Amino acid sequence: MQELKKADRRIRRTKRTLMKSFIQLMEVKAYHSITVKDIVEHADYNRATFYRHFQYKEALVEELETELFDGLVTAFRAPYLNKDQLNMIQLTVSEIHLFDYILENAHFYKLWNHSEAIPGFENRFIHTMIQLFNEDLKLLTPQDDHINYHLFTTFRAYGIWGLILDWIKDDFTASTTYMSRQLIHILNYKPPKMYVRKTSIH
């Protein structure tokens, strides 16, 4: 049993090293140009070690994405995981784990400073957010019959991604506490019924 645990730890360590190598390579090379040879040379392994754990590069990426999204879902659910209701007015900064999770994985998310690192990742992120809103949470406030609920959840999902993306592009300058507090204020903000134009439009 002890030997099995050691083997499992060794496998996890090797996989993490290969994934870390892949992420570091994306800092200097485009996703499609990175090869298995690049990954193993950067990790100081041989190709046999890679193929012992992954059938091809895409298998490594799939496992990496699965880990990232599992962590994302756990972080998103933190404020309501052990509650029957989520009171947005009473929501506290300490209950929000989303930004802490993003910062913990900054080595990956910082790649979004310039462009989407892994093709399709942003769409999967948005889809995951929409799925969580639709499957986990139900609004108890009166719903406006004129609003399409799918579009409403899509709007919120893109809004959260927009906050994260702006934070990434600002090189995580703001603290996680500040970002969490801003999210609370934004979620509880009641839009004005009228805007005043600042300047004349030509």
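## Close-up views: figure legends

View 1. Asp 171 is exposed, at 54% relative accessible area. Here buried means under 20% relative accessible area, exposed means over 50%, and partly exposed lies in between (1.4 Å probe, protein chains only). The model is predicted: local features need pLDDT of at least 70, side-chain atom pairs count only at pLDDT 80 or more, and totals for chains, interfaces and linings use all residues. Numbering starts from 1 along each chain as its sequence is written, and side-chain values use heavy atoms, with hydrogens and water left out. Asp 171 sits in the loop between α8 and α9. Helices (H or I, at least four residues) and strands (E, at least two) are DSSP runs, numbered from the N terminus. The phi of Asp 171 is positive, about 60°, although the residue is not a glycine.

**View 2. Helix α2 and the residue that follows it.** Helix α2 covers residues 36-43. Its buried residues are Val 36, Asp 38, Ile 39, Val 40 and Ala 43. An α-helix has 3.6 residues a turn, so residues three or four places apart point the same way. Asp 44 follows α2. It has a positive phi, near 65°, and is not a glycine. Asp 44 belongs to the loop between α2 and α3 (47-53). With a relative accessible area of 69%, Asp 44 is exposed.

**View 3. A salt bridge between Lys 29 and Asp 38.** Side chains of opposite charge can pair when their charged atoms come close. A salt bridge is counted when a side-chain nitrogen of Lys or Arg is within 4 Å of a carboxyl oxygen of Asp or Glu. By this rule there are seven salt bridges. The N to O distance for Lys 29 and Asp 38 is 2.8 Å. Asp 38 is buried, with a relative accessible area of 18%. Lys 29 is partly exposed, at 31% relative accessibility.

View 4. Lys 15 and Glu 63 meet through their side chains at 3.2 Å, N to O. Glu 63 counts as partly exposed, at 25% relative accessibility. A further salt bridge joins the side chains of Lys 110 and Glu 27, at 3.5 Å, N to O. Lys 110 lies in the loop between α6 (106-109) and α7 (121-136), and Glu 27 in the loop between α1 and α2, so the pair ties together parts that are 83 residues apart in sequence. Lys 110 is partly exposed, at 34% relative accessibility. Glu 27 is partly exposed too, with a relative accessible area of 44%.

**View 5. The largest nonpolar core, with 57 residues.** In soluble globular proteins, nonpolar side chains tend to be buried together. A nonpolar core is a set of buried Ala, Val, Leu, Ile, Met, Phe, Trp, Tyr and Cys residues joined through side-chain atoms within 4.5 Å. Phe 22, Met 26 and Phe 108 touch the most other members. At least two residues of this core come from each of α1, α2, α4, α5 (98-104), α6, α7, α8 (149-169) and α9 (176-188). Helix α4 gives the largest share, 10 residues.

View 6. Contact means heavy atoms within 4.5 Å. Phe 22 is in helix α1. At 0% relative accessibility, Phe 22 is buried. Leu 64 is in helix α4. Leu 64 is buried, at 5% relative accessibility. The C-alpha atoms of Leu 64 and Phe 22 are separated by 9.7 Å, with the residues 42 apart along the chain. Residues up to four places away aside, Leu 64 touches Met 19, Phe 22, Ile 23, Phe 108 and Ile 118. On that basis, Phe 108 touches Ile 23, Met 26, Leu 64, Ile 118 and Phe 121, among others.

**View 7. The packing of α7 against α8.** Two packed helices are described by the angle between their axes and the distance between the axes. For α7 and α8 the angle is about 130°, with the axes 9 Å apart. Axes are lines fitted to C-alpha atoms, for helices over the stretch in contact, and angles run from 0 to 180 degrees between N-to-C directions. The two helices are therefore oblique to each other. Angles under 35 degrees count as roughly parallel, over 145 as roughly antiparallel, 65 to 115 as roughly perpendicular and the rest as oblique. Residues making the contact include Phe 125, Met 129 and Phe 133 of α7 and Tyr 149, Tyr 158 and Trp 161 of α8.
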